[in-house]
Amino acid sequence: MGGSAALPQLHPRVLRPVSGLFVFLSTMLSLKEKDSPIIRKLLDAGCCARCILRFCCVGKYSSYQLSSEDINKELLAFLSEADGQQSHDASEQTQAEDPPCKKLKLDSAHVGQDSSSEASATHTEPKVQSEICVACLGVLQDFCDLSYTTQVCEVVRKADYKFDSLVLAVSLPAQLSVREHSCWLHIKKEVKEKSMCLDKEDVVQVKDAFKWAIQGMVGKELGTPVLTNSLFEVSVGFTHSETEADCHFLATTCSDCFKPTKNKASVFTRMAVVKALEKISDAKFLRHYPCPPVRPASKCTPVDTTCLHASVFIAGRYNKFSRELPQTPWVIDGERRMEGSVEELIADPLLSSFRADGFNFSSSGREDVDVRTLGNGRPFAMELLNPHRAKFNRAEVRQLQEVINASSDKIRVRDLQIVTRDAMGRMKEGEEEKTKSYSALIWTKKAITNSDLDFIANIKELKIDQKTPLRVLHRRPLAVRQRVIHSMSASYLDTHHFRLQLHTQAGTYIKEFVHGDFGRTKPNLCALMESEVDILELDVESVDVDWPPAVPE
């Protein structure tokens with residue numbers, strides 16, 4: 001078979017007789033005899049060694065971990081043996097037939113010479129391409145070695161995360177999908193002629209091949225396993241400006257697949273391109289795009305390696321003892337009105353200890369700046385974003401709680417614990433069905449006696465309608481909300497003051513129920529007492545949410 005038979009056999013192969021034929025198996029690359037024509041076509045097209053393995057559906061991780069040079073040698077040795085076996089089979093078939101007569105041999109001498117020349121021209125010696133791969137644009141050629149993985153690992157070390165496993169995330173140019181589709185169409189005829197049970201979905205993705213090639217080196221360098229699922233993610237990516245226009249023809253042939261989005265700089269996302277390639281016919285694709293793809297002049301450019309740890313969620317309960325402390329930073333028209341807040345007093349020690357980039361705070365309701373939260377406190381949860389340290393034992397969390405409580409006398413935290421994201425949802429479940437208890441100091445314009453308050457204890461399950469209060473109308477939509485006052489009691493103080501205890505449905509505006517908010521809450525305490533009344537002080541006594549679970553002292 002031309003010069004192919006002269007190629008060196010660098011590794012032994014296993015030959016097995018099957019129905020009179022030999023099937024060739026590469027001991028290192030898991031290749032089969034039927035792969036031979038596909039390998040030749042892809043080599044001629046300009047594909048690199050690892051991309052050839054991908055199109056041959058080699059799913060053996062270790063094959064991709066070999067160096068490019070070793071894979072190249074394996075491929076050439078495999079083709080050499082395949083050519084040698086084909087010659088051997090042809091020779092055996094000729095010897096098995098009856099020998100032709102001498103006259104026929106003489107008559108066919110010239111024809112045989114022509115056939116030999118044609119065969120020599122057809123079966124040229126395969127050459128492994130040294131140029132940039134037309135399919136992966138160099139990703140599987142130049143970035144699967146120790147040099148690149150060392151650079152990645154150095155970035156991870158400098159980021160100074162604490163982790164016991166990691167997952168690799170890979171971002172690739174969308175045009176690789178177009179080039180892969182072109183290469184697939186290039187070998188599709190061979191696949192059909194060989195009656196191979198192979199589909200495009202069987203081709204190993206560039207992303208997977210890249211991970212298989214480098215994850216062993218990354219894991220060894222960092223001393224930690226590289227898994228398919230981990231809370232710590234190391235992201236690498238590549239761009240290739242030279243071939244960005246490869247996708248553009250799809251925008252006209254499959255325009256419905258490309259819709260502008262707020263957060264994407266380009267409509268040519270990988271998902272959109274893949275969707276378009278699934279819709280476009282082979283004939284239409286080949287009219288607009290070369291098959292095989294044009295050889296690039298430059299390889300992909302790596303983007304900066306980034307690290308990201310999944311959020312950690314902290315929950316607990318807080319008491320607020322100050323009437324001059326907002327729950328969250330109080331900013332009006334871009335100007336901060338008060339120093340400090342509940343969330344900041346809790347978050348600052350946590351951010352420092354977890355070395356997080358930021359946080360999101362949520363709670364079971366909220367109190368006004370002049371309202372205290374007493375009793376067993378208000379449930380809260382905090383999402384710590386991108387923590388560089390994520391694991392704390394119970395004793396360490398308890399110590400964090402003590403640090404928070406020692407930092408200020410305005411708040412106190414209890415039951416601090418690490419929870420899951422799913423568990424956080426329990427704090428908001430059926431929020432409006434929950435109940436809360438309050439204590440309020442009430443002033444009355446008209447003088448009262450102790451007996452004037454007796455009727456209050458008899459009021460049960462009082463339904464009230466509350467329009468959005470004027471004081472929160474700037475941040476809440478205008479609506480009428482029905483709430484329930486489950487029970488009330490009153491303690492006489494003097495002729496113009498008494499203390500009111502209320503047990504209400506969560507979400508009830510207590511201040512507005514007392515003074516009426518210019519008639520926006522009906523009925524209200526003013527109407528019930530037939531006197532102008534106002535609220536001087538308000539305390540939250542309990543928030544009846546059975547979460548998070550109590551932590552023993």
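S36 is buried, since its relative accessible area is 3%, where buried means under 20% relative accessible area, exposed over 50%, and partly exposed in between, with a 1.4 Å probe and protein chains only. This residue belongs to helix α1, which covers residues 36–45; helices (H or I, at least four residues) and strands (E, at least two) are DSSP runs, numbered from the N terminus. Apart from its neighbours within four places in sequence, S36 has contacts with F78, L79 and A82, a contact being heavy atoms within 4.5 Å. The C-alpha atoms of S36 and L79 are 6.3 Å apart, although 43 residues separate the two along the chain.

The model is predicted, so that local features need pLDDT of at least 70 and side-chain atom pairs count only at pLDDT 80 or more, while totals for chains, interfaces and linings use all residues. Residues are numbered from 1 along each chain as its sequence is written, and side-chain values use heavy atoms, with hydrogens and water left out.

Turning to the chain as a whole, it contains 18 helices and 18 strands, and 46% of its 553 residues count as buried. Among contacts between residues at least 6 apart in sequence, 78% join residues at least 24 apart. The accessible surface of the chain is about 28,400 Å², with 51% of it belonging to carbon and sulfur atoms; such areas come from the Shrake-Rupley method with a 1.4 Å probe, and for residues only the protein chains shown count as cover.

The next feature is a space in the model. The largest pocket holds about 1,200 Å³. Of the 40 residues that line this pocket, P173, A174, S177, R270 and V274 are the closest to its centre. Two or more lining residues come from each of β3 (167–171), α9 (175–193), α10 (206–222), β4 (232–239) and α12 (270–279), and α9 gives the most, with 8 residues. On a 1 Å grid over the protein atoms alone, a cavity is a set of points where a 1.4 Å probe fits but cannot get out, whereas a pocket is an open set with protein on both sides within 12 Å along at least five of seven lines, and lining residues have an atom within 4 Å of a point. Grid points are joined across faces, edges and corners, and a volume is the space filled by probe spheres set on the points.

Helix α9 also holds K188, which is partly exposed at a relative accessible area of 24%. The C-alpha atoms of K188 and K200, 12 residues apart along the chain, are separated by 8.9 Å.

Charged pairs come next, and the structure has 25 salt bridges, each a side-chain nitrogen of Lys or Arg within 4 Å of a carboxyl oxygen of Asp or Glu. In one of them R179 pairs with D246, with the closest N and O atoms 2.8 Å apart. Because R179 lies in helix α9 and D246 in the loop between β4 and α11 (248–253), this pair ties together parts that are 67 residues apart in sequence. Both R179 and D246 are buried.

Another salt bridge joins E131 and R295, whose closest N and O atoms are 3.9 Å apart. It links distant parts of the chain, for E131 is in the loop between α6 (109–122) and α7 (139–142) and R295 in the loop between α13 (282–288) and β5 (301–302), 164 residues apart. E131 is partly exposed at 40% relative accessible area, and R295 is partly exposed at 37%.

L470 sits in the loop between β14 (460–467) and β15 (480–494) and is partly exposed, at 43% relative accessibility.

Some backbone details remain. K522 and P523 are joined by a cis peptide bond with omega of about -15°, and P523 lies in the loop between β17 (521–522) and α18 (525–529). D160, which is not a glycine, has a positive phi of about 60°; D160 is in the loop between α8 (146–159) and β3.
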